[in-house]
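Visitor: Can you walk me through this one? I'd like to start with the sheet.

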Amino acid sequence: MVVSLSKRGDVEPFHAMDVLAEANRLKATGVSVVSMAVGQPSDPAPTLVREAAARALRDGRIGYTDALGTAGLRQAIAAHYAEHYGVEVSAARIAVTTGSSAAFNLAFLAMFDPGDCVAIAAPGYPAYRNIMIALGLDVAEIELDGAAYLTADHLEAAHRQKPLKGVLFASPANPTGAIIPQKELAELVAKAESLGISVISDEIYHRLAYSGPDVTALSLGQGVTVINSFSKYYCMTGWRIGWMVLPEELVRPIERIQQSLYISAPELSQVAAIEAFSATAELEAVKARYSWNRELLMRRLPELGFALAAPMDGAFYAFCDVSRLTNDSMEFARRMLAEAHVAGTPGRDFDTLAGHRFMRLSYAGSQDEMVEALARIERWLK
Ligand SMILES: Cc1ncc(COP(=O)(O)O)c(C=O)c1O
C-alpha cells in the first residue's frame, strides 16, 4: 500500500479541539463535564436567523451562489459597516466566506507567496500559525512578553530582524481578550503601511467589547483587509459563515481562488445570516450574560490561583497564568478534565514558547456552568 504524506500535514494539533474531543468522550460515558475549552456560544443562533433558514429549507432548492456571496448578504454586511462603525464600504468589496477560517486561507493565498514572512502575535489564535505553515509561509511570531497587545514598535522591531510582507492581528484577541486602543491601532496600521507591510485585521470578536465602541481597522488605513464572522457575537459557529472586506485590488484574486477552493459559502447560511443584523436585542441579552460571567471570573479566578494574564477587555476568554499551580499547563488541563471534570485549554495552543504557564478559560457558557466550574476547580485544588 502506498500512502503519500506531505510535510504540511505535520502541523501542530489544535489542542483545544483535542480537549473537546476528550470532554465529549467523557460525556458519552455519562460524566457531567463543564466545558470552558472552546470559544463557542452556548446559545443557538437568533430566532430570526433560524426562521429564515427554516423558510429557505421549506422553499426547497439550496444551491451554489456567486463565489463572492449573494447580493443580499453582501449588501447587508456593507450596511452593517455604515450603521455600526459609520464607515462607508461598497458591497462590491465584500466576500462572503465559509467562516473566517476559509477567509484566512483565501487571504493568505491571495496576498502571499510561499516563503513570504507574515507576523502574528504570541499568544495568538493557533490556526493563523498552522494555516500559514501549511501554506509554506514563514511565520514571525512576535512574543508579547506580558504586553497586552501588538504595537507599532513590536512590528518595526520584527521587520528589522526579517522583512515582513504582512501582519495579522485580532482585537479583541483570542486568547487574551485584549483590545488594541484606537490610538495604538492607528499607529500600528500606519507603521505597517509606512514599512510596506499588508495588514489583515481579524475582527471576529467585534461587538463583544465590554467597555467602549468597536473600531474597525478599515477606518484607519486604505489597504487593510478585514476578516469577520457570524460565529461569535451572532452565535452561528456551526453555520460556517463569515466575510472579508477587501481592498479593491484583492477582490478579483479572492473571487478566483474562492471559485476553485470552495465555489461559494453555503447558501442556506447566507440566507439566514442576513437576519443576524436584525437580532440585536436577542444577541445583546446573550452578551449581558457573558458580561456577568466575566465579572464573576475576574473576581474568583485570581482567588483560586489563576492569575489574570490579560485585561479581559473583550471576547469571552480569561487567559490565566497558572504557574503558581503547575509548570505544565497541558498536563494540568488533562488532570483538571479527568479529575474535576472541567475542560480548559492549555496555553500551548496559543504560544509555543511560554504557553506551558498559561490556561485559557472560555466564559461563553451559561451562568450556572461558570458557578459550577469554579466550585469544582476550588474543590479539586483543595
Ligand atoms: C481569533 C479567531 N479568529 C477566527 C476564528 C475562527 O472562527 P470561524 O471560522 O468560526 O469564523 C476563531 C475561532 O475560535 C478565533 O478565535
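Visitor: What's the strand order in the open sheet?
Guide: It runs S2-S8-S7-S6-S5-S3-S4, seven strands with mixed pairing. Strands are DSSP E runs of at least two residues, helices are H or I runs of at least four, and both are numbered from the N terminus. Two strands pair if DSSP finds at least two bridges between them.

Visitor: Which strands stand at the edges?
Guide: S2 (94-97) and S4 (138-143). Each has a single partner strand, so one side of each lacks a neighbour in the sheet.

Visitor: Before I go on, what kind of model is this?
Guide: A predicted one: local features need pLDDT of at least 70, side-chain atom pairs count only at pLDDT 80 or more, and totals for chains, interfaces and linings use all residues. Residues are numbered from 1 along each chain as its sequence is written.

Visitor: How do S5 and S6 run, parallel or antiparallel?
Guide: Parallel, with five bridges joining S5 (residues 166-170) to S6 (residues 198-202). Phenylalanine 169 stands opposite serine 201 in S6.

Visitor: New topic, the ligand. How many residues surround it?
Guide: 13, and the closest are Gly99, Ser100, Ser101, Ser229 and Ser231. A residue counts if its C-beta atom, placed from the backbone, lies within 6 Å of the molecule.

Visitor: Which helix gives the largest share of that shell?
Guide: H4 (residues 99-111), with three residues.

Visitor: And the mix of nonpolar, polar and charged? What is it?
Guide: Three nonpolar, nine polar and one charged. Asp, Glu, Lys and Arg count as charged; Ala, Val, Leu, Ile, Met, Phe, Trp, Tyr, Cys and Pro as nonpolar; the others, Gly among them, as polar.
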